[in-house]
Amino acid sequence: MKLSTRLLNLLTAIGCFAIAGVSIAYFLINEKFEWIPESALELVREKELVERPDAKRCSECHKDIYEAWKDSRHSISWTSKTFIEASENRTKEKCLACHIPESVTGEKPSPRLDRRDEGIYCVSCHFVNGKMNGPYDLVAPPHPTHRNPDYVNSKFCGSCHQKTFKEWKETGVDDTCQNCHMPRTKSRLTQKLPLSLLHKKKWVGNHKFLHGDITEKDILIEAEFKERFFNFSLLNKTVPHGVPTADNGDPRLYLYITFLNAAEEQIDQAKWILAPQQETALPFNKKMEFRYRLFDPVAQANIVLKYQPAWSKEKDMVWEKTFRP
Amino acid sequence: MHIIRILSLLIAITTIVGQPVQAKDMVIKEPPKSLAKFYPPLSEQPKWTQQMHKLSTHFGGVFINLKEKDFENVDKHADKLVEEYKKTSEMVPEWEEYFDIKAAEAFAAAAKTHDMAKAGKASGGLGKTCGKCHAEHQVAVWTKYHWPSFHKIKVIDPASEKEVDFHKFMKQISGSFKAMRVNFGEGQYGRAAKALRAFKSEYMELKSTCSKCHTTDDVKRFYVGGDASKAFEGLTKELNAEKPNPGNFWKNVGLVGKTGCKNCHLTHRTSSMIKEVWEEK
């Protein structure tokens, strides 16, 4: 046999062994990781990963999740200007538990002493009782991850978002916090090669913790002029908690009404502030009635609804409507 | 000058509530500036209060353990008391003279004889040093560091949607409340209705602002809860009526004043007025 043929056969054999090895590893890691002896796993474990690593360390493998989190309000829960001002330079003790939680477990957490600048970070939610936790049981060679069904339940978010959780619970809606604020896509948990190739794609939640836009479909209005009154109702049709909602923040909906006479001159104006801290936020699927007494004949009412998040001084337009008698 | 104003204020307050001035005149002097670094916002923790707790714990620990005849812990608490007492004496230089290290050491020595009577007798000298400082400064320290500084609080004016100074806002809300009453009294119901809307929206803004500190539902119910909401509903109903009923109107005015204004003012105004005088400097 020629040397080149022998070399080719050798390479083919090595290739086959490699493919078989990767396939076996893939199968074991994703399907039967309990077959892998713990002693073998110990060789590839990175112990510092189960000693409360910083977010940057987690990003070495979980790049996509890290980048989404970095873009989230959670990542700046300790450093945001709004928080620093509202907490009087972070001295209000009651704010600390949820802005720098040690460990989120479904109950109100305790504040931590280390890595405060990272706010609500990987370890806050995923490192519980000395173990890495998540929605899946994973062998994940560098560190094991233990499945905890709480990660896909609203109660987990309710550890800190207690009032919102209570509002949601009262609606009886099945969609969880995670369904709307952490929509899942099928992707890999790690982006680090070659480890990423050994991991099967899974449903991974968006760690940007999306804050949905409020639109015309969400807040419905009905209005009528009747005798000396302008009556109208607002209905939060789609969002299964108060709109807006917050435990201690101050997000608001501003509703402005301008009343015009037949000559299209402004003769009166009114304003309503719908905010959780004023207990005037719009509950889910419950029509809220408003009544405004008119002292002069009105030909038209122009209504504008704007939304201001807790962390912003800017208002976004939600919708604009006109009503005539 | 400020001391005179504070004294006058206290006399006025006691006169209003019908209490005679007690045997001892009280002077509330602003605590020294060096104390500020032991309280938020300069310190993350209320370190001065924590230090007081340490002293109190070790002082009490001596007697608790003497009673239990746990002499090992008596000695530990006596030593720690002297250590913390010395440390405390150095924290606020302006108050150094209140401390008597020898009295603390004498107490520790007496405690270490494990004789309750001797420890009790020696505690008097040490206790006096604490008592003198507390008598002269405790009210002032509580006022300055344990009550909110309203001048630092900003409220969103619902009309302009801009943050305004708390005291300015209180004048504004008081003006709206007054405008509603005056206009109603004059039969100007349209103007009264407008003033009520302004008053209510300002009142609701205070609710938002107060909720930044008052985070529990119980306290919110007490200050700005159902009673005040019902009173506002009653006022709105009267001003929406073709012929408002003055009896119902004034009854609800009284309720808003009692549940919405008085409860908060009784709790916060005294300390706020004292702080205002200090902060005018």
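You are looking at a predicted model.

**Stop 1**

E6(A) and E7(A) run antiparallel, and eight bridges join them.

**Stop 2**

For a landmark, select A:Asn231, which stands opposite A:Arg291 in E10(A). The whole is an open sheet of three strands, in the order E6-E7-E10. On average, neighbouring strands here are turned by 20° against each other, direction ignored.

**Stop 3**

Return to A:Leu234 and show its surroundings. Setting aside neighbours within four places in sequence, A:Leu234 is in contact with residues including A:Ile219, A:Leu255, A:Leu274, A:Phe290 and A:Trp319. Next, select A:Phe230. In the largest nonpolar core, which has 27 residues, A:Phe230 and A:Leu234 touch the most other members. Colour the elements that give two or more residues to this core: E6, E7, E8 (252-260), E9 (266-274), E10, E11 (300-308) and E12 (316-323) of chain A. In soluble globular proteins, nonpolar side chains tend to be buried together.

**Stop 2: loops of chain A**

Move to the loop between E7 and E8 and pick A:Pro244. The peptide bond that reaches it from A:Val243 is cis, with omega near -5°. Another cis bond joins A:Leu193 and A:Pro194, with omega about 0°. Find A:Pro194 in the loop between strand E4 (184-187) and helix H11 (195-198).

Then try A:Glu279, in the loop between E9 and E10. This residue is not a glycine, yet its phi is positive, about 55°. Is A:Glu279 buried or exposed? It counts as exposed, at 53% relative accessibility. A:Asn129 sits in the loop between strand E1 (127-128) and strand E2 (131-134). A:Asn129 also has a positive phi, about 50°, although it is not a glycine. It is exposed, with a relative accessible area of 74%.

**Stop 3: the domains**

Zoom out and colour chain A by domain: domain 1 (1-36), domain 2 (44-205) and domain 3 (219-323). The C-alpha centres of domains 1 and 2 lie 38 Å apart. Each of these two domains brings eight residues to their contact. Together they bury about 740 Å², 67% of it on carbon and sulfur atoms. Select A:Tyr26, A:Ile29 and A:Phe33: they supply 65% of the area that domain 1 buries against domain 2, more than any other three residues.

**Stop 4: chain B**

The area buried between the chains is about 2300 Å², and carbon and sulfur atoms give 41% of it. On the chain B side, select B:Glu161, B:Arg197 and B:Asn240. These lose the most area to chain A, together 24% of what that side buries.

End at B:Ser211, in the loop between helix H7 (189-210) and helix H8 (217-224) of chain B. B:Ser211 is buried, with a relative accessible area of 4%. Not counting residues up to four places away in sequence, B:Ser211 touches A:Gln277 and B:Lys220.

Conventions: Residues are numbered from 1 along each chain as its sequence is written. Chains are lettered from A and ligands numbered from 1 in the order in which they are written. This is a predicted model: local features need pLDDT of at least 70, side-chain atom pairs count only at pLDDT 80 or more; totals for chains, interfaces and linings use all residues. Side-chain values use heavy atoms; hydrogens and water are left out. Two strands pair if DSSP finds at least two bridges between them. Helices (H or I, at least four residues) and strands (E, at least two) are DSSP runs, numbered from the N terminus. Axes are lines fitted to C-alpha atoms, for helices over the stretch in contact, and angles run from 0 to 180 degrees between N-to-C directions. A nonpolar core is a set of buried Ala, Val, Leu, Ile, Met, Phe, Trp, Tyr and Cys residues joined through side-chain atoms within 4.5 Å. Buried means under 20% relative accessible area, exposed over 50%, partly exposed in between (1.4 Å probe, protein chains only). Contact means heavy atoms within 4.5 Å. Domain bounds come from an automatic or database domain assignment. Buried area is the accessible area (1.4 Å probe) that two parts lose on being put together, summed over both.
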